[in-house]
There are 2 protein chains.
Amino acid sequence: MNRTLLQAQLMYDDMGRSEKKVADWLFSHSGEVLPYSITDLASKCESSEATIVRFSKRLGCRGYQDLKLTLAKEHEKKVVAPVITGNDDCFAIFEKVCNDAYMSLERTKKTLSAENMSRAMEAITKARRVVLIGLGTSAQVAEDASNKLLRAGCNSSAYADTHMQAIAVSQLKAGDVVIGISQSGSSKDIVESMKVARAHGATTISITSRERSPIARQSDILLLTDTEETMHSSLGLNSHISRLILIDALCYKIVYQNDALAHSVGESEAELQSKRIVE
Amino acid sequence: MNRTLLQAQLMYDDMGRSEKKVADWLFSHSGEVLPYSITDLASKCESSEATIVRFSKRLGCRGYQDLKLTLAKEHEKKVVAPVITGNDDCFAIFEKVCNDAYMSLERTKKTLSAENMSRAMEAITKARRVVLIGLGTSAQVAEDASNKLLRAGCNSSAYADTHMQAIAVSQLKAGDVVIGISQSGSSKDIVESMKVARAHGATTISITSRERSPIARQSDILLLTDTEETMHSSLGLNSHISRLILIDALCYKIVYQNDALAHSVGESEAELQSKRIVE
DNA sequence: CAAAAAAGTGAAAAAAATTTTCATTTTTCA
DNA sequence: TGAAAAATGAAAATTTTTTTCACTTTTTTG
């Protein structure tokens, strides 16, 4: 139920018999009205066009058209990704997985904290050394991030092996940064390494999909990618993509920041861009 | 910029002079259009009603009314200027990179051939052995694909090292499949391995962003991800994402196909799904 | 390079949707 | 009960949208 219909509920007692019919229909079919013309709606409600216009004006709209636009603006997006079926060909599945990815990115826009991103960026920029740790798919993301951070001028390394991770974090000091990447946030070895890093005074940043997870508790800065996996992609694909983009945005900002001076002295956008090329 | 207008940006080149005027006006006044009637808008754009209806239909709407409703539904979304500037904070950059990714996926939907995807899927399903080769970022994709194919029941391996790649492809026989992954399509070692695989009678599949590239010429089946990189993400990020999704869709179809029998005997959707979990 | 074909365009007609008007019905209240 | 006020819906008036079609521009082809 959206704002306009709540308003209608408040005014319900002031309405006449016929206007109430319109309100009732809208309460039980709030999502369906947009494609209907005023004539369609009048017959659905067993009411008349004039009544619908009056109803619209009561709610502060200029008329039925305006009401529809108002409702559309408040329309909560319940984009339901179509379900993949056995009859779909590869391409149809590709399209559906793409849709899933869009939705996942939209969700990530909501879960990700702008402030934490900025804090992470600053911590990384100032760090003497940045260590990235992750396992499985997350190791790939760590590797990718490390490559990009190197290009951005940070002293970073990624470790995909738990032993190497343990060694690397034990060398960290205050002012250093460790970035732990874990989809579930509960990979035991990763959490353990985060603890050690913290004990040595390093700033701990975690990239995970679960807000209440062991890794989150060991983190000074938490970067949350989308929380909810959908049906149509491998578990982890969507957060993998979110994390790749998150890393890319961070590195972009770091490059921009580091090169602000050089840039202001006349370095071209193209040169700036060239520092980011990875493949 | 919302989804519909991003779509318009993708289709911009296909529009005529007058339709472009409509698009231009909307790009610079995207928030203002809702109260305008088609006649108002036509005069604002120095265009005609008919052109606006055509423009609306191009974007998949039934007409101007429908376009307005669609825009109204997307109304709440923030308008993100397409160019990243030094003043953007990390989060704003993240949003822009997401938009880029979105546009890149839309482009990939155009370049990717549905038929070739199906042919690739069939070749992989029937193959005695699948070898994946790639370097750099593409090696990560190859690794990811190999993991998923294994889960899907294919005998697959990925090689990130050129020597290992050379050895692996020399063992292939007719009926085997090699999948070469290369952003530019011209990594010398990869192309060479594709040639060898082909000489041994294996089916060659390539995943690349360049249609006219050496690797494409060595391929029986060509899978083209988006061709044009944009300004806002690292060179390669967008095609990396496209390829991850492409792989995921392929594997999804393979799992569905392989398990069709088991499924029909009563295996649940959940069990089917569980075979795809990677992390 | 010119002719033919295709694509794009906008004025105006046609259709549809919306809003207003007004006669009639229903409700309110003394 | 009956007069005034409020509510209603059919139909008219208006506005908006969509379609049509003749004309223009662009592209292709011989």
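I began with α12(B): at 1.5 Å a residue its 22 residues should span 32 Å, and its end C-alpha atoms are 32 Å apart, which agrees. The expected span is 1.5 Å times one less than the number of residues. Helices here are DSSP runs (H or I, at least four residues), and strands are runs of E of at least two, numbered from the N terminus.

I noted that this is a predicted model, in which local features need pLDDT of at least 70, side-chain atom pairs count only at pLDDT 80 or more, and totals for chains, interfaces and linings use all residues. Residues are numbered from 1 along each chain as its sequence is written, and chains are lettered from A and ligands numbered from 1 in the order in which they are written.

I then checked burial (20 or more other C-beta atoms within 10 Å of the residue's own, with C-beta atoms placed from the backbone). Of the 22 residues of α12(B), 20 are buried, so the helix is largely enclosed by the rest of the structure.

Next I looked up the contact between the chains (C-beta atoms, placed from the backbone, within 7 Å). Chain A contributes 54 residues and chain B 53. On the chain B side that touches chain A, α12(B) gives the most, with 12 residues.

Last, I examined DNA strand D, where a residue is near if its C-beta atom, placed from the backbone, lies within 6 Å. I found 20 residues around DNA strand D, and the closest include A:Gly16 and B:Ser37.

Definitions and conventions
Two residues are in contact if their C-beta atoms, placed from the backbone, lie within 7 Å. A residue is buried if 20 or more other C-beta atoms lie within 10 Å of its own, exposed if 12 or fewer, and partly exposed in between; C-beta atoms are placed from the backbone.
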